[in-house]
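Me: I would like to learn how to read a protein model, one feature at a time. Can you take me through this one?

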Amino acid sequence: PTWLYILYLPFLLRSKIVEYQIIRKFGIDWGPALLFEYGIGVLEHLDWFTDGAFPVQAYMCEPGITAAWVAAFDHSWGWVWAPIIRVLHFSGVVVLVLII
């Protein structure tokens with residue numbers, strides 16, 4: 001959901017501001033390598049957030065997504081997984097995969 005991303009934005013900005021202040025305090029030069037690492041850090045932070053937000057998005061797609069997903073498994077070589085998906089639902093499988 002878009003509101004969740006908007007709610008997260010201040011936390012991302014705050015973490016990067018603190019990181020910037022620490023870098024300045026230690027007097028580290030802002031060379032191309034540090035700028036690259038700083039940018040990768042922003043992307044990594046966003047990746048962690050999207051990993052955590054995906055179960056919420058998956059839950060918002062219920063129950064239609066589960067029925068379509070089970071139907072796809074029923075008509076494939078992965079038919080043995082269809083009953084498990086029916087019980088866990090799409091969002092349950094997403095949470096299980098993130099935990100493992």
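Me: Is K16 buried or exposed?

Reply: Start with the relative accessible area. Under 20% means buried, and over 50% means exposed. K16 has 9% relative accessibility, so K16 counts as buried. Keep in mind that this is a predicted model.

Me: Where does K16 lie, and what does K16 touch?

Reply: Find the helix, then look for contacts beyond the sequence neighbours. K16 lies in helix α1. Leaving aside residues up to four places away in sequence, K16 touches Y38, G41 and V42.

Me: Which residue forms a salt bridge with K16?

Reply: Look for a side-chain nitrogen of Lys or Arg within 4 Å of a carboxyl oxygen of Asp or Glu. Here the partner is E19, and the closest N and O atoms are 2.3 Å apart. E19 and K16 are three residues apart in helix α1, so about one helical turn separates them. E19 is partly exposed, with a relative accessible area of 29%.

Me: How many salt bridges does the structure hold?

Reply: There are two salt bridges. In one of them, the side chains of D74 and R86 meet at 2.9 Å, N to O. This pair links distant parts of the chain, with D74 in helix α3 (residues 64-74) and R86 in helix α4, twelve residues apart.

Me: How exposed are D74 and R86?

Reply: Read each value against the cut-offs. D74 is partly exposed at 36% relative accessibility. R86 has a relative accessible area of 43%, so R86 is partly exposed too.

Me: Now the rings. How many aromatic pairs does the structure hold?

Reply: The structure holds six aromatic pairs. Y20 lies in helix α1 and W30 in the loop between α1 and α2, so the pair ties together parts that are ten residues apart in sequence. Y20 is partly exposed at 34% relative accessibility. W30 is partly exposed as well, with a relative accessible area of 29%.

Me: Why is the pair of W30 and Y38 edge-to-face?

Reply: Check the angle between the planes. Over 60 degrees counts as edge-to-face. The planes of W30 and Y38 stand at 75°, with the ring centres 5.4 Å apart, so the pair is edge-to-face. Y38 counts as buried, at 18% relative accessibility. Recall that Y38 is also one of the residues touched by K16.

Me: Which residues form an aromatic cluster?

Reply: Rings can gather in a group. Here F54, W69, F73 and F90 form one aromatic cluster.

Me: Which residues make up the largest nonpolar core?

Reply: Look for buried nonpolar residues joined through their side chains. The largest nonpolar core has five residues: L4, Y8, L12, F49 and A53. Both α1 (2-25) and α2 (32-60) supply at least two residues of this core. The largest share, three residues, comes from α1.

Me: What does L4 touch?

Reply: Again, skip residues up to four places away in sequence. L4 then touches F49, A53 and V56.

Me: Is L88 buried or partly exposed?

Reply: L88 has 35%, so L88 is partly exposed. L88 lies in helix α4 (residues 82-99).

Me: What about the backbone? Which phi does H89 have?

Reply: H89 has a positive phi of about 70°, although H89 is not a glycine. H89 lies in helix α4. At 36% relative accessibility, H89 counts as partly exposed.

Me: Is the peptide bond from E62 to P63 cis or trans?

Reply: Read omega for this one. The bond from E62 to P63 is cis, with omega near -5°. P63 sits in the loop between α2 and α3.

How values were computed:
Residues numbered from 1 in each chain as written. Predicted model: local features only at pLDDT ≥ 70, side-chain atom pairs only at ≥ 80, totals over all residues. Heavy atoms only, no water. Core = buried A, V, L, I, M, F, W, Y, C linked by side-chain atoms within 4.5 Å. Buried < 20%, exposed > 50% of the residue type's maximum accessible area, 1.4 Å probe, protein only. Helix = DSSP H or I, 4+ residues; strand = E, 2+ residues; numbered from the N terminus. Contact = heavy atoms within 4.5 Å. Phe/Tyr/Trp six-rings, centres within 6.5 Å; stacked < 30°, edge-to-face > 60°.
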